[in-house]
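Thanks for coming, everyone. Please look at the model on the screen, and I will walk you through it.

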Amino acid sequence: MPSLTDARAGATAIAPMLLGVVPFGLVAGAAPVAEGFDGWAAVGLSTLVFAGASQLAIVDVLSDSGSAVVAILAALTINLRMVLYSASLAPYLGHESTGRCLGAAYLLNDQVYALSVPRWAADDRAEGRLAFYMGAAVLLWVGWVAATIAGVVLGAAVPDSVPLDFAVPLVFLVLLVPVIVDRPSTVAAVTGGLVAVVAAEAGAGPLSMIVGAVAGIAAGTTVDARRREPASP
Amino acid sequence: MSRIWPAILISGAGTYAMRASFLAFAHRIVTVPPAVARILRQIPPAALAAIILPALVRPDGHLDLLQPRLLAGILAAIVAWRTRNVGLTLVVGIGVVAGVHWL
């Protein structure tokens, strides 16, 4: 059965990422409790929102006596990148039913996205794509929710001196390296990173990641276009 | 305190809508114009770098190059590039930050 093989390949590919996701999940479980919310709120965040950085932003805003509206806007701004991921994945799944795509959408996240696209781009076989994605996504979801529950239970037992939050950018680093393959992708990454930092310094807050990403996409696409059609003098 | 549930439900619904935005119409996409495909190809490097670099150079919300996370990130990037190993990259990155903290 090819789909089972593909699902297993997805689970195998995501398994090492759990080393970075589990510590982040512990924080996502412990933080709401530390700010005075109950454990169900932490589990609700991890299952219904299922996006770590935005979950922490919601808790942060509400614990600083911010309004629910500000918390929602912060979370949705942080998660805007999901639109980019959705647009990037959709062309590969045209052969799948809408129901399956809508189910897959619920599990969409950074790690599964960054694993799936390079694999799908390198392999013309359409049938195994969603199975690979689901194998990776389901294992990640289980690990994320389990880590959240552990974080609720263990709470403050995680020492502050171990920088667990730093695990997240480190996992992204491992995902970034293989997608930098040529000059356009290098320009996209360098521009994306630098513009995100400049935007954050300018006070763009959670929007700075999107500003950086859009600038990087534009820069990479421009370099790519120039490479294809040498500009006339 | 109960304010968190409306925030969870609306953020969850909104995030799902963004996740489904293009996937819901995947079956209508027969072929992707090459120009669009070239734009989509730039999303992973640009988006990932836009998450990573701010975490390395402004961990406390302001630009600061003289702190362990930048050094840890550079060393972890070298490890990630040479080995593609998540565990090793995490050990090196977190180890450098924790090590500098304890020194």
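Start with what covers the buried residues of helix 5 of chain B: the cover includes helix 2 (18-34) and helix 10 (167-176) of chain A, together with helix 4 (68-83) of chain B. Contact here means heavy atoms within 4.5 Å. Helices are DSSP runs of H or I, at least four residues, numbered from the N terminus. Buried means under 20% relative accessible area, exposed means over 50%, and partly exposed lies in between, using a 1.4 Å probe and protein chains only.

A word on the source: this is a predicted model, where local features need pLDDT of at least 70, side-chain atom pairs count only at pLDDT 80 or more, and totals for chains, interfaces and linings use all residues. Residues are numbered from 1 along each chain as its sequence is written, chains are lettered from A and ligands numbered from 1 in the order in which they are written, and side-chain values use heavy atoms, with hydrogens and water left out.

Back to helix 5 of chain B. Its buried residues include B:Val86, B:Leu90, B:Ile94 and B:Val97. The helix has 17 residues, residues 86-102, and at 1.5 Å a residue it should span 24 Å. The expected span is 1.5 Å times one less than the number of residues. The end C-alpha atoms are 24 Å apart, which agrees.

Most residues other than glycine have a negative phi. B:Arg84 counts as partly exposed because its relative accessibility is 48%.

A:Phe50 has a phi near 50 degrees, a positive value in a residue other than glycine. It lies in the loop between helix 3 and helix 4 (52-63) of chain A. Is A:Phe50 buried or exposed? It is buried, because its relative accessible area is 4%.

Now the inside. The largest nonpolar core has 76 residues, and A:Tyr85 and A:Tyr133 have the most contacts inside it. Such a core is a set of buried Ala, Val, Leu, Ile, Met, Phe, Trp, Tyr and Cys residues joined through side-chain atoms within 4.5 Å. Helix 3 (residues 43-57) of chain B gives the most to this core, with 10 residues. Leaving aside neighbours within four places in sequence, A:Tyr85 touches residues of both chains, including A:Leu108, A:Tyr113, B:Ile43 and B:Ile51.

Terms used
Helix = DSSP H or I, 4+ residues; strand = E, 2+ residues; numbered from the N terminus.
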